[in-house]
Amino acid sequence: MAAANPAQQLLAELTCSVCLDYFQDPVALDCGHNFCQACISVWWEGLKTDFCCPECRETFSQRNFKPNRQLRNIVEASRKLTLESAKEPEVERVCEKHKRALDVFCQDDQIPMCMVCHLSRDHKDHTVVPIEEAAEDYKDQVRSHLEILKKEREEIRSFKLSGESKSQELLKQLQTEKQKIVSEFQQLSQFLKEQKRLWLAQLEELNKEIKNRRTEYVTKLSEEISSISSLIREMEQKCQQPVREFLQDIKGTVSRCKREKFENPVAFSSDLKWRIWDSSQNSAVLVTIVKKFKDSLSSRQQLDIVNMTLDPDTAHPDLTVSADQKTVRLGCTRQALPDNPERFDTAPCVLGFEGFTSGRHSWEVEVEEMGVCAVGVARESVSRKGGIQVNPEQGIWAVEGWGDQYWALMSAEQRIRLSLSQAPRRIRVYLDYERGQVMFFDAGHRDPIFTFPPASFAGERIRPFFQAGVSVPVFGVLGTVRLTLCP
């Protein structure tokens, strides 16, 4: 295996792993890793505990870092050394045709040339300036562009840091939610076990009591049967005696035959039945609660694949909705349509006919485009009149596409450019109302496109949103968009 380039090794040691550039005001964490002070501050923004190292993921209880002045000096020295080593001795260039020094610059053809070329028939009517003056002018232009590029780089870095920080926060929230769910199910399991133990113990007590009462009842009846059987045998023997003997104490004999009628004792009182019924009712109540809980979980796991249609009453007059209400196209001629309250009058938008106040739903949109389109969901109360802004602050969660480029529309000031391997031609929109989630997928390759942060719909109806619009001319012709809802 080839050894690593020493210069590359040195550059790696002097580069921040967050912004991937030379350290600026480097600071060291307790774990030994170094970062730019601004980078680690943004990474930890909003955290109050569990401060995590972006490189080794070790967590700290306090927000603590120390300036690394030695590393800062090494970085500065390395930057100067790199700049000096990059400078090459200037090679004197000469005109290939006349072998003379390139002393002037032709502004018409934008090329350096020698004085002989300047006096030639090809350039004698052109505007020519000294080459040093032209170099300064173009250096000023390049420096101006360079400043713009640097600002754009810093802006992208801030997006990157902000995105990483938000993802860290979302992952932490997800872990907290996971722990909460595990804890709640453990508590539920413990509750069910405890209830099972209590009710089985109650049933066991009832079981013992029933057996004891049964024993007492059977014993009492057995004694009574034995007493009657003894009396019967005595009377049968009495009847077999001779007449004179039989009549001896006949009054007492008859009296013993007239014993009191036996009253059947209460063996199992109604209180036992009520106690058994009460136990069964409690059990039934718990079973019902658990069943509802299971049904609730099942309903949350059910995904409604919507056969979506468009609502022509909301369509902008420049939009043409097909007869089957499955396709919308931006036309060149405005239609004479009534300006009803629900119709968009400025932005070329249309809403889906279906709306949702609960559940999980999904639908797909096929995009055939030359211009700009946006696909997503919107609140029922979204503004329909005048100019609208497509972002969650205005009640619209959507991704925007133009050609092979796609953006997530976060706010009026922020549009996140999405890194996609290829532009999706069929987009799946996913809505989880209870969780406030809106997600987008490439339906053809099943790749995720973007997921918005959780929102609160507060019971308001949410409807599919479509925009088939134009932002810039394409080769002098206004771009049009055709959106088709997949069956």
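A: Arg213 and Glu209 sit 4 residues apart in helix α5 (residues 131–239), so about one helical turn separates them. Helices here are DSSP runs (H or I, at least four residues) and strands likewise (E, at least two), numbered from the N terminus. The model is predicted, so local features need pLDDT of at least 70 and side-chain atom pairs count only at pLDDT 80 or more, while totals for chains, interfaces and linings use all residues. Residues are numbered from 1 along each chain as its sequence is written, and side-chain values use heavy atoms, with hydrogens and water left out.

Q: What do the side chains of Arg213 and Glu209 meet in?
A: Side chains of opposite charge can pair when their charged atoms come close. A salt bridge is counted when a side-chain nitrogen of Lys or Arg lies within 4 Å of a carboxyl oxygen of Asp or Glu. Arg213 and Glu209 form one, at 2.8 Å from N to O. The two side chains also make a polar contact at 2.8 Å (a pair of N or O atoms within 3.5 Å; within protein, one must be able to donate a hydrogen and the other to accept it, and residues adjacent in sequence count only if both atoms are side-chain atoms).

Q: Is Arg213 buried, partly exposed or exposed?
A: Buried means under 20% relative accessible area, exposed over 50%, and partly exposed in between (1.4 Å probe, protein chains only). Arg213 is partly exposed at 23%, and Glu209 is partly exposed at 22%.

Q: How many salt bridges does the structure hold?
A: The structure holds 17. Among them is Asp318 with Arg334, whose closest N and O atoms are 3.3 Å apart. That pair links distant parts of the chain, 16 residues apart: Asp318 is in the loop between β9 (304–305) and β10 (319–321), and Arg334 in the loop between β11 (327–330) and β12 (349–351). Another joins Arg435 and Asp432 at 3.8 Å; Arg435 is partly exposed at 41%, whereas Asp432 is buried at 5%.

Q: Which residues are linked in a network of salt bridges?
A: Asp311, Glu380, Arg384, Arg461 and Arg463 are linked in this way.

Q: What is the count of disulfides?
A: A disulfide is a covalent bond between the sulfur atoms of two cysteines. The rule asks for a pair of cysteine sulfur atoms within 2.5 Å, and the count is 0. The closest cysteine sulfur to that of Cys239 is in Cys257, 7.7 Å away, so it is too far for a bond. Cys239 is exposed at 57%, while Cys39 is buried at 6%.
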